[in-house]
Amino acid sequence: MIGRRRKQVMNAVQLALILIAILIMLVPIAWIFMAAFKNHIDVFQLKLFFTPTLENFGTVFEPPFFLGHKLMNSTIVAFVTVVFAIPIATMAAYSFSRFRLTGETTMLVVILATQFVPAVVIILPFFVMFRDIGLLDTRIGLILVNLAIVMPFAIWMIKGFIDGIPLDTEEAAMVDGSSRLQVIRNIVLPMAAPGLLTAGIFCFIIAWNEFLFALILTNKDAVTLPIGLALFKAEEGDLWNLLSAAGIIIMLPMFVLALIIRKYFVQGMTMGAVR
Amino acid sequence: MRDNTLKYLLVLPAIVVVFATAIWPLIESLRLSFTVGRLSRPGSLEQYLGFENYIWAFLYEPAFWNSVWVTTIYTVLTVGLTTVLALGLALLLAPGGRFRSGVQTLLILPFAMSPALIGVSFRFMFNPEFGLFDAVFGVLIPPLADVSWLVDPVLAFAVCVMADVWGWIPFLTLVLIGGLASVPQDTIEAAQVDGASGWRVFRDVTLPQLAPVLAVVIILKSIFSLKTFDQIFMLTNGGPGTATQTLSHYIYFNGMKYGQIGYAASVAWLMVIPMIFLTYAYAKFVFRKE
């Protein structure tokens, strides 16, 4: 009896701890959500109950903030980055997965290592080069450097997916006289498609949230959403209600995308070190 | 086409991209680190002065040592706290069931949040006049009322650490839940049958088997902690003074604000060195399975 009693108490303690963890986790997010629907007077009071307004979501798109322009930049930059990265990464991943290449391990380690290079190291020479050839404050410039952070993830993640596709269908097709490229197009790509989509979404999130490159390379035309957050300042301080509304516009689409690919998030981030 | 040619052709575009976007800038940064490298003076990017930038950082720049110190403490604290708390949460959530699985799903959210936004959110919460933290803790612990968190050097640093830990616990928890799932259940049961207490089972059975995953987590988190920039920039911008200036922030400031790109590159390369060791350690774990 005592044992069971003890177990019940332990269970209750565990549940309480989990609830506290959820609370701590959600409060900063909830705080932003609430502020986004407050008018600028309510923000300065800690009201939990207030008359919600959608006004902030309109204001952020108006002058002088023009969040729509940043939204478009972010979407184009993240999307084009993914469109370039995924096919290139898929080709490489297939080769790494199916063949033995000279220097394969070295290549894979170098690709992995580039992910760990601090972004600030990469951006210094790019700033100088872009200044000289006129790519500063352009979306093209931003897309180019974004490839640096996205490629290693994409290659490793897609390689993991292709590793999981059984060889026999491919071999059977080869025996039937298909060429290697036909096999890739007709068998591997359809089977790997969900994996490619997952990797694409993963890379999109990373490119969307990218901050340091955009901070250094853009100042007006190509400014992305995270950098746009800095706009919501007035002489009297931060415009928290607008900042929060912009914050929701940044994070909500990523929440949806992250939930779609949640099963592969860990594998993607750890590059296969943990499956 | 023969497979022997094809396999290299398939890899080629990826290698070109990785070389152009990561290897070249690394090498070019190294070159810049030996130059005068002033953004405002054309030609100074080709004016070499040997190791002078490095010597300058080591001997004449207290701000450099400050950022090394800040980054070190920051890394130790965030890695330690995040790992321990995430392990605790992972142990709580690992048993599964509908409720716990639901919570696991929620864990994705903070991680999908841009670090810059996490910085903004914490700056908001720690606002002394109308921040949430002040309202809650000011009432619970009166001495904390109206404390200007982001004005005090130590407290501002603590807030930065908190924001980082908050942002990373969910991801580390998910990794560790995966790790716990791969610990064979029968070894745990055997120990329980032998009458070992819950703590003994955890310390002597679970923990040793979890060690490789734990190592991966610690290395990965160390790398990301060392690089920290986004949320610091949005939360304190290195301040007050230089109290929260990490190495990345110091490099950014010297390179971009002061235009001393040669000097910034030398500090950046000093930062690459610990990364090489960490990457090497990490790669060992990745290839262990193959």
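Helices (H or I, at least four residues) and strands (E, at least two) are DSSP runs, numbered from the N terminus. The model used in these exercises is predicted.

**Exercise 1. Describe the build of chain B.**

Step 1. Take the elements in order. From the N terminus on, chain B runs α-α-α-α-α-α-α-α-α-α-α-α-α.
Step 2. Tally them. Chain B has 13 helices and zero strands.
Step 3. Box the chain along its principal axes. The C-alpha atoms fill roughly 75 × 75 × 35 Å.
Step 4. Check burial. Of the 290 residues in chain B, 54% are buried.
Step 5. Look at the contacts between residues at least 6 apart in sequence. In chain B, 65% of these join residues at least 24 apart.

**Exercise 2. Find the partner of Arg180(A) and say which elements the pair connects.**

Step 1. Apply the cut-off: a side-chain nitrogen of Lys or Arg within 4 Å of a carboxyl oxygen of Asp or Glu.
Step 2. Arg180(A) and Asp3(B) form a salt bridge, at 2.8 Å from N to O.
Step 3. The pair crosses between chains: Arg180(A) sits in helix α8 (residues 180-209) of chain A, and Asp3(B) in helix α1 (residues 3-32) of chain B.
Step 4. Compare with the burial limit of under 20% relative accessible area. Arg180(A), at 15%, is buried. Asp3(B), at 24%, is partly exposed.
Step 5. Widen the view. A network of salt bridges links Arg98(A), Glu170(A), Arg180(A) and Asp3(B).

**Exercise 3. Work through the salt bridge between Asp238(A) and Arg123(B).**

Step 1. The distance is 2.9 Å, N to O.
Step 2. This pair also crosses between chains, from strand β2 (residues 237-238) of chain A to helix α6 (residues 115-125) of chain B.
Step 3. Asp238(A) is buried, with a relative accessible area of 17%. Arg123(B) is buried too, at 14%.

**Exercise 4. Explain how Arg200(B) and Asp204(B) are placed to pair.**

Step 1. Side chains of opposite charge can pair when their charged atoms come close.
Step 2. Locate the residues. Arg200(B) and Asp204(B) lie four residues apart in helix α10 (residues 198-227) of chain B, so about one helical turn separates them.
Step 3. Confirm the bridge. Their side chains meet at 2.8 Å, N to O.
Step 4. Arg200(B) is partly exposed at 42% relative accessible area. Asp204(B) is partly exposed at 37%.

**Exercise 5. State how many salt bridges there are over all chains.**

Solution. The count comes to 13.

Note on methods
Residues are numbered from 1 along each chain as its sequence is written. Chains are lettered from A and ligands numbered from 1 in the order in which they are written. This is a predicted model: local features need pLDDT of at least 70, side-chain atom pairs count only at pLDDT 80 or more; totals for chains, interfaces and linings use all residues. Side-chain values use heavy atoms; hydrogens and water are left out. Buried means under 20% relative accessible area, exposed over 50%, partly exposed in between (1.4 Å probe, protein chains only). Contact means heavy atoms within 4.5 Å.
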